[in-house]
Amino acid sequence: LKPGRVYIKDGVLNKVCRKEKKKRHFFLFDDLLLYSYELPKGHFKFARGFPLSTVSVVDLPDSEQRKLTNAFQISSESKSFVVLASTFEDKKEWVDALTKSKTTMVLKAQSFLSNKSKSVVQASWMAPVWVPDREAKACSLCKTKFTWTNRRHHCRQCGCVVCGSCSNSKKVLFGQGKRRKRVCDTCKSKPLELRSNTRNTIAQENESATGSEEDSEGEYD
């Protein structure tokens with residue numbers, strides 16, 4: 001861990017993955033959000049981390065149809081996903097803590113960089129939340145039903161589930177590394193929708209230490 005990093009809270013949340021919900025242990029610091037696998041004897045294995053300046057959180061309403069209770073969405077440049085808390089109170093604590101910590105960090109960074117006469121604004125984007133496999137019975141583009149031979153694929157730009165024929169293209173996506181990622185036919189020539197994102201020197205330093213879940217968990221989580 002980085003010297004001077006302040007611990008805020010931690011706990012277990014159910015991360016909604018493409019095939020099922022999986023328990024992950026989340027840790028929130030004053031400049032970083034990360035989650036890990038729980039190992040025996042109270043140990044943890046790092047999965048992925050996100051500089052807090054690039055994270056946004058959205059409270060989600062309960063949905064019986066999607067089987068989502070006490071849910072909220074965590075979005076970042078490299079990965080976005082939905083998590084489920086065990087209770088409404090736990091969900092509120094996480095949403096409040098994430099929102100407050102993000103605001104505090106950005107204000108500190110803006111004050112620090114303004115004294116240094118540096119810019120803190122840079123174009124960025126948020127990675128899409130993948131549509132779970134169970135919610136996609138057919139390709140979102142050609143409407144062909146999925147079977148054992150006609151497999152599901154996720155577009156890394158929009159998060160929709162498509163078939164192989166409708167996702168033959170690949171391109172480099174901002175925040176998702178240097179390797180080209182699979183995209184659907186709609187997104188292959190579609191530019192990224194950029195937004196204004198407050199960033200800072202502290203966050204840029206953290207990015208080199210956040211790791212990549214794609215190497216450890218693969219593209220299915």
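Modeller: Let us begin with burial: a residue is called buried under 20% relative accessible area, exposed over 50%, and partly exposed in between, with a 1.4 Å probe and protein chains only. This is a predicted model, in which local features need pLDDT of at least 70 and side-chain atom pairs count only at pLDDT 80 or more, while totals for chains, interfaces and linings use all residues. Residues are numbered from 1 along each chain as its sequence is written, and side-chain values use heavy atoms, with hydrogens and water left out.

Biologist: Why is Phe-26 called buried?

Modeller: Its relative accessible area is 0%, so Phe-26 counts as buried, and Phe-81, at 3%, is therefore buried as well.

Biologist: What makes the pair of Phe-26 and Phe-81 tilted?

Modeller: Rings of Phe, Tyr and Trp (its six-membered ring) pair if their centres lie within 6.5 Å, and planes under 30 degrees apart count as stacked, over 60 as edge-to-face and the rest as tilted. The centres of Phe-26 and Phe-81 are 6.2 Å apart and their planes stand at 45°, so the pair is tilted. Phe-26 lies in strand S2 (residues 21-29) and Phe-81 in strand S7 (residues 81-84), so the pair ties together parts that are 55 residues apart in sequence; strands here are DSSP runs (E, at least two residues), numbered from the N terminus.

Biologist: And why is the pair of Tyr-35 and Phe-81 called edge-to-face?

Modeller: With centres 5.6 Å apart and planes at 75°, the rings of Tyr-35 and Phe-81 form an edge-to-face pair. Tyr-35 belongs to strand S3, 46 residues from Phe-81 in strand S7, and both residues are buried. Ring pairs join Phe-26, Tyr-35, Phe-50, Phe-81 and Trp-94 into a cluster.

Biologist: How do you know that Lys-9 lies over the face of Trp-94?

Modeller: A charge sits over a ring if NZ of Lys or CZ of Arg is within 6 Å of the ring centre and within 35 degrees of the ring normal. Lys-9 is placed over the face of Trp-94 at 4.6 Å from the ring centre, and the charged end of Lys-79 sits over the ring of Trp-130, 5.3 Å from its centre.

Biologist: What makes Lys-41 count as exposed?

Modeller: Lys-41 has 81% relative accessibility and therefore counts as exposed. Lys-41 lies in the loop between strand S3 (32-38) and strand S4 (44-51), and has a positive phi of about 65° although it is not a glycine.

Note on methods. Helix = DSSP H or I, 4+ residues; strand = E, 2+ residues; numbered from the N terminus.
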